[in-house]
Amino acid sequence: MARQQQPPPWVHAAFLLCLLSLSGAIEIPMDLSQPPTITKQSVKDHIVDPRDNILIECEAKGNPAPSFHWTRNSRFFNIAKDPRVSMRRRSGTLVIDFRSGGRPEEYEGEYQCFARNKFGTALSNRIRLQVSKSPLWPKENLDPVVVQEGAPLTLQCNPPPGLPSPVIFWMSSSMEPITQDKRVSQGHNGDLYFSNVMLQDMQTDYSCNARFHFTHTIQQKNAFTLKVLTNNPYNDSSLRNHPDIYSARGVAERTPSFMYPQGTASSQMVLRGMDLVLECIASGVPTPDIAWYKKGGDLPSDKAKFENFNKALRITNVSEEDSGEYFCLASNKMGSIRHTISVRVKAAPYWLDEPKNLILAPGEDGRLVCRANGNPKPTVQWMVNGEPLQSAPPNPNREVAGDTIIFRDTQISSRAVYQCNTSNEHGYLLANAFVSVLDVPPRMLSPRNQLIRVILYNRTRLDCPFFGSPIPTLRWFKNGQGSNLDGGNYHVYENGSLEIKMIRKEDQGIYTCVATNILGKAENQVRLEVKDPTRIYRMPEDQVAKRGTTVQLECRVKHDPSLKLTVSWLKDDEPLYIGNRMKKEDDSLTIFGVAERDQGSYTCVASTELDQDLAKAYLTVLGRPDRPRDLELTDLAERSVRLTWIPGDDNNSPITDYVVQFEEDQFQPGVWHDHSKFPGSVNSAVLQLSPYVNYQFRVIAINEVGSSHPSLPSERYRTSGAPPESNPADVKGEGTRKNNMEITWTPMNATSAFGPNLRYIVKWRRRETRETWNNVTVWGSRYVVGQTPVYVPYEIRVQAENDFGKGPEPDTVIGYSGEDYPRAAPTDVKIRVLNSTAISLQWNRVYPDTVQGQLREYRAYYWRESSLLRNLWVSQKRQQASFPGDRPRGVVSRLFPYSNYKLEMVVVNGRGDGPRSETKEFTTPEGVPSAPRRFRVRQPNLETINLEWDHPEHPNGILIGYTLKYVAFNGTKLGKQIVENFSPNQTKFTMQRADPVSRYRFTLSARTQVGSGEAATEESPAPPNEAYTNNQADIATQGWFIGLMCAIALLVLILLIVCFIKRSRGGKYPVREKKDVPLGPEDPKEEDGSFDYSDEDNKPLQGSQTSLDGTIKQQESDDSLVDYGEGGEGQFNEDGSFIGQYTVKKDKEETEGNESSEATSPVNAIYSLA
């Protein structure tokens, strides 16, 4: 069973692209003027298929749109003069068409694309165009290769030079692959190496094959045939597995020698970032083993791997620290040799600091930096608009300092595209970076009010692409709060994206980004919703099923209910076809009548549009093996026989074991016993037998699924009798009563009886008296000796005997007669109180002769007589404490404090308790009380909090009072702790709240003279959100608000008078379908678009009307709950009052946005505070 938690594949790709762009420079919007930028181009080494048209890509963007031209071999390439060459519309991509004829080789060369508009020129890389070549193998006649058996051999391939180089592999002329191993293998140069030739190598021929990439063709070289000279012309296949095949075939052993590379030392150069492949191929008899080492250090374990049977060492992504000396060691039992390879790591240029586009405002300073490294050190050349910087017109605002160009007090005329070319003998890098001088206020480049949904605990990114010149500063805010989000769980990237490293529930909300420069500011909002992850909590499990049975694979999923869940199944990582033998349910997949084709891996995929969870299980379809057959007994001997059988079908699961069973017809006829177990690779075994047993055998095959049916039984074979060679085991002597001793043993089975009439000679005598042995012959497995003294030791012997004689002399075993109850009690019991819950006991041990058995333990019986507190009921249930062995002291713990106890002591043996000692009394001192019971915190209003509690269940002493500690908290902020002390009779307390917002954490404990006991902790309930109601009351008492309401009332009165006059004159006026209700001081709608509902007097909301049946009907108003916030996700307090907060719906903001002032933005409100 395996589990993988991951988002859908498209999420991986999208997140990777996002990460790559986070630290990129801010781009200029395409509606603004800008120099050209190359966006797509062909690779530097561009190899094309001669059968296709040639395509050399060059795409660029800019405003105005750039024009393109090309150079070929550093000279202007006139496209108009060649009818085969065209340039794609609105693109610089060249298309060379050969449909009307022509040779692609004529167009090989070095091409470079120029993209130009009035603000500058951008250059592509120098693209080297080459046409793929797959030349034919030269015709040749190859003579048979004659070689002595055991000698080394190299079959050379020498493929024709292709472009790119072909893939080499060896096959026979009949297209059978050549088996390669430690002895025979292909080198990286394509040659086939034999460390030593064997006679079996003549059985095939050897042909080198070259596969060419572009033409998808395979060319085959004429095959080599081998003629092996040998001293042993017989190619006996049985010798192939001989432990020393070379000596068996008469091949002389030789010390290793290198076939490749030659000599003892060589050198190799590799470029940084490429793969280093070192190879050592050695000859010798026996075939040498190859080991690799690095002088002065270890091989890089994280990127080194061995190939070609350890003959090649590959180090991926080579860096400078991989240079040094490596050596390979070739060894066999005749000796060893080594070859040293000196590795030098060079490097084509690679970027340390690639120049980036520079966007400046008039008068700003900036710089372009072009830093690269390589080996040898690369040179840096600057160009502007494709021309060397030295030949460009002078610019007093520009200064070149090596790999840096510094711009001071830039102006509009400074716009251009600069190229940095850094090169050495191993390659070059070319980078374009433009300087754009703009004067643009901030603008947002993404849609407004986006909704982002993200899975809990994931990493997410909120985009806020922006632009402005000078480059604006960007700040993020959450839910209109005035603190900038950066640091901790937040990280703001240069391009404006806000990364939240691990999403939590409290991160849900509205995020606002604000871009500001000297020309203004712009803002945008993103709403973040946090969703629960999709989890498979009951995964499918690996199963092994028999053919024809039913298999159920479970897959139970938990997911966020607001996301649509899809559950699908894969088989062997491919979509599963649900046929008529399968049933797919919401939480399981059932397969009826399992067949062999159902075997494989099954993956449950639970996915939503945001994430997915995978759980994989493997179904193995197996059958039990068929029964073995044709059992045969041979090699019959007195104490052994050979059993041979023919295995049955293993039913696709290899047989791991065979179990041989036997049955005898004397002691237990018809009962089969396991005799021995053998590996699944054998089908014949010698069985060791016992005397005087009439054997019959059968065989059971076992594989991973289970056991086969037993085979049919073999014929019977009886062995001759003999005296027993062993005696019964587990001989014991124990008393079952105080005046007897029962002697028992494990009876011997049929294979240890060795003869007829098996019986047992039982002997016993008292150990101390050395009296003569008593004996009796018994056919069973027990004998009881009566009239014995109490608990005395006996010597016991049990000997086996049959009609052929007695067994060996038995060992002597010590047994004991029965025990009686102890006669004495511990005396002089002393009690010392250790603390309020424990006492120490000390007593005089009893005499051994009074124990009348084996002393097991001393035991204390104690009970709680009463509490020192009046009227406190206590349980007087007896408890006990045991002290194993013969000891004079012990400790009794877990007592109740402040109580009267009584205690008695006894001694215990195997029979039971002895008489009790005299009763002792003791008193435990006071302790700390338990926690107060039923600690309750109630909040009747916003001003007070009531606390009530009951006395502790266990006072453990005289209560002297209660201690209450409480602290106010608001989120993660804590106030100062306050301590109150109360009298022991007080069980209530009323606290005045310091503010209506904070909550309180209360800790209450009771006290005795010893100290404070266990504490009870509670928190006050969350107060209802009354902030908005208070704001309404504050606004309603303001003078300006009263004046505004009076003015509105006066206007309404004038309108009514005018309407009345017009109506009295017979005039007409339009009647509105919906009455406009002004916002009064009692209107529940606030300026911030929030509501505070109350059920006082059950009054309907304004804008609603009462129907005939008394229900409230809502008018056609925009003030529906559906139009606000998150619709049914509000929270309610214990008394039913609503404490949620709604935010005005996005479309409502958009329709009313033209009428609202800038001050209504939460971010503008933030700036107004600054």
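How many helices and strands does the secondary structure of the chain come to? The count is 7 helices and 89 strands, where helices (H or I, at least four residues) and strands (E, at least two) are DSSP runs numbered from the N terminus.

The model is predicted, so local features need pLDDT of at least 70 and side-chain atom pairs count only at pLDDT 80 or more, while totals for chains, interfaces and linings use all residues. Residues are numbered from 1 along each chain as its sequence is written, and side-chain values use heavy atoms, with hydrogens and water left out.

**View 1. Cys 58 in strand 5 (residues 58–63)**. Cys 58 has a relative accessible area of 0% and is therefore buried (buried is under 20% relative accessible area, exposed over 50%, partly exposed in between; 1.4 Å probe, protein chains only). Leaving aside residues up to four places away in sequence, Cys 58 touches Ile 38, Lys 40, Gln 41, Phe 68, Trp 70, Ser 91, Gly 92, Thr 93 and Cys 113 (contact means heavy atoms within 4.5 Å). Between the C-alpha atoms of Cys 58 and Ile 38 the separation is 7.3 Å, and the two residues lie 20 residues apart along the chain.

**View 2. Ser 836 in the loop between strand 73 (827–835) and strand 74 (838–844)**. With 16% relative accessibility, Ser 836 counts as buried. Beyond residues up to four places away in sequence, its contacts are Leu 895, Phe 896, Pro 897, Thr 924, Pro 925, Glu 926 and Gly 927.

**View 3. An open sheet of 4 strands in the order 76-75-78-79**. Pairing in this sheet is antiparallel; two strands pair if DSSP finds at least two bridges between them. Strand 76 (879–884) and strand 79 (920–923) stand at the edges with a single partner strand each, so one side of each has no neighbour in the sheet. Neighbouring strands are turned by 30° against each other on average, direction ignored (axes are lines fitted to C-alpha atoms, for helices over the stretch in contact, and angles run from 0 to 180 degrees between N-to-C directions). Strand 78 (residues 899–909) is joined to strand 79 by 4 bridges. Asn 900 has Thr 923 of strand 79 as its bridge partner.

**View 4. Ile 1057 in helix 5 (residues 1039–1064)**. Ile 1057 counts as partly exposed because its relative accessibility is 44%.
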